[in-house]
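I set out to record what I looked up in this structure, entry by entry. The overall layout comes after a short note on terms, and individual residues follow.

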Amino acid sequence: MNSEKKTLTRSDIADAIISEFKVSKFNATEIIEDVLEEIASALRNGEAVKISGFGTFSVKQKKERMGRNPKTMEEAVISSRKSLKFRPSPILKKVVNETN
């Protein structure tokens, strides 16, 4: 039994697209890039991205705040920034929690 964790990569997704839809590697890669760019563009514009049966990606604006350097204990300002939030759908949660 191999306990090594595998990571799903763009190449793995491209291979699945090639297998399912019989398209070229070039076209499969273009499809992936187009979808990811569309998602990134929507998030960049402050829009939420909802993928039915998968989940919702959204952008959260974090305010500037005071923090502390854990090594020196010196206070420092942490600038405001945007962070990404992902909320999985109940369907995805169910699939992930199913036992084989």
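**Entry 1: model and layout**

I am working with a predicted model. I looked up the elements and found 3 helices and 5 strands in the protein. Read from the N terminus on, they follow the order α-α-β-β-β-β-β-α. The radius of gyration is 19 Å, well over the 13 Å that the globule rule gives for 100 residues, so the protein is more spread out than a compact globule. I also took the extent of the C-alpha trace, which is about 55 × 40 × 25 Å along the principal axes.

**Entry 2: burial, surface and charge**

What share of the 100 residues counts as buried? I noted 11% for the protein. I then looked up the charges: the protein has 19 positive and 14 negative ones, and their mean positions are 10 Å apart.

**Entry 3: positive phi at Lys22**

Most residues other than glycine have a negative phi. Lys22 has a positive phi, near 55 degrees. I located Lys22 in the loop between α1 (10–21) and α2 (25–44). Is Lys22 buried or exposed? Lys22 counts as exposed because its relative accessibility is 67%, and the cut-off for that class is over 50%.

Met73 is a residue other than glycine with a positive phi, near 65 degrees. Where does Met73 sit? I placed Met73 in the loop between β3 (65–68) and β4 (75–78). These two strands form a hairpin with 6 residues between them, and Met73 belongs to its turn. I checked the sense of the pairing: β3 and β4 are antiparallel, over 4 bridges. Two of the partners I looked up are as follows.

- Arg65 has Ile78 in β4 as its bridge partner.
- Arg68 stands opposite Glu75 in β4.

**Entry 4: Thr56 in β2**

I found Thr56 in strand β2 (residues 55–62). Its relative accessible area is 25%, so I record Thr56 as partly exposed. Which residues does Thr56 contact, leaving aside its neighbours within four places in sequence? I listed Ala48, Val49, Lys50, Lys85, Phe86 and Arg87. For Arg87 I also took the C-alpha to C-alpha distance to Thr56, which is 5.2 Å, although the two are 31 residues apart in sequence.

**Entry 5: Phe86 in β5**

Phe86, one of the contacts of Thr56, belongs to strand β5 (residues 81–88). With a relative accessible area of 34%, Phe86 is partly exposed. Setting aside neighbours within four places in sequence, I noted contacts of Phe86 with Phe54, Gly55, Thr56, Phe57 and Leu92.

Key:
Residues numbered from 1 in each chain as written. Predicted model: local features only at pLDDT ≥ 70, side-chain atom pairs only at ≥ 80, totals over all residues. Heavy atoms only, no water. Rg over C-alpha atoms; globule rule 2.2 N^0.38 Å. Buried < 20%, exposed > 50% of the residue type's maximum accessible area, 1.4 Å probe, protein only. Lys, Arg positive; Asp, Glu negative; His and termini not counted. Charge placed at Lys NZ, Arg CZ, Asp CG, Glu CD. Pairing = 2+ DSSP bridges. Contact = heavy atoms within 4.5 Å.
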